Amino acid sequence: MLSLEALVIILVLVAVPGSIILYWVMRARVVERRRAALRAHPVSDELVATLRRNVRIYASLPADVRDELHGHINVFLDEKRFFGCDGLEITNEMCFTIAGTACLLLLNRETAYFPGFTSILVYPDAYIAQEVNYDGDIEIHEQVERAGESWEGGPVILSWNDVLDSTRDDADGYNVVLHEFAHKLDEENDGTNGLPVLDDPEHYRSWGEVLAREYEALAERVHHGTNHVIDEYGLTAPEEFFAVATESFFEKPVAMRQALPDLYGQLRNAYRVDPAQWVDAAASRFRRRPCAARAAAGPSARPAAAPRN
């Protein structure tokens, strides 16, 4: 017959794991209810005006996609914290612009809202970061200028000047916010290696084959001076290739669909959106408007972008 002490031990061994599991199940339900309420909450006129002014991609989004984006932005702003660096005072414009751009990566699929970190550090302009490289056993420390970086398991760091330059120009294939938050998606699948979590397990094989082939093709284009769609910074590493491909997918979708259809198809499957279709539909709506209502916007110049990481 079991002693009282043994019975207590058995009860503890059974109850504690069960309590832990119940806690996490209930916590997940509470979090999802809170997120659902935030997604359903109307956004402010100030937020919409900021997106129209600063996030050029926003103009091409269908109405239902904009509504979904608004909901994701509400959750993002509730769960992330912004901190100004080098004396920068964080404003609503900064929060709305960064959130509105980052949440483009969350559309049309289940999302955990970039888990594993909460802090977004914003500098007024490109900043100096310490970089460590190795030549054999020799450790080399360098100071490099950056527009942004994403620390694995840590914060996202952004230059506000580069954020504005890249989000207001939606046709140059450069977007520091999309780049750094693509790294955060990459992190969700056991580290950063250019392989994000994909909805369909059967998608991983074709993803690997196509991205490896496109990586080599990018190197060839850069070598021959014929590269136009993806930034050559993608040759730095597979994770950087994924990040710059993400930038071009959202900023130069029609060009990518035409020049790199296999890569475009993989990113379309991964992100569950079709930005080229958004552009086509927006162009069609524009052509149907009366001529007097059209306002031409000239190209905006930007300085050379600082390196991203």
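Select aspartate 190 to begin, and you will be in the loop between helix 6 (176–187) and helix 7 (203–224), where helices (H or I, at least four residues) and strands (E, at least two) are DSSP runs numbered from the N terminus. The model is predicted, with local features needing pLDDT of at least 70 and side-chain atom pairs counting only at pLDDT 80 or more, while totals for chains, interfaces and linings use all residues. Residues are numbered from 1 along each chain as its sequence is written, and side-chain values use heavy atoms, with hydrogens and water left out.

Most residues other than glycine have a negative phi. Aspartate 190, however, has a positive phi near 60°, and this residue is exposed at a relative accessible area of 73% (exposed is over 50%, buried under 20% and partly exposed in between, with a 1.4 Å probe and protein chains only).

Next, select asparagine 108, in the loop between helix 4 (92–102) and strand 2 (119–123). Its phi is also positive, at about 65°, although asparagine 108 is not a glycine, and with a relative accessible area of 38% it is partly exposed.

Finally, display helix 4 together with helix 6, which pack at an angle of about 60° with their axes 9 Å apart (axes are lines fitted to C-alpha atoms over the stretch in contact, and angles run from 0 to 180 degrees between N-to-C directions). Ile98, Thr101 and Ala102 in helix 4 meet Val177, Leu178 and Phe181 in helix 6, contact meaning heavy atoms within 4.5 Å.
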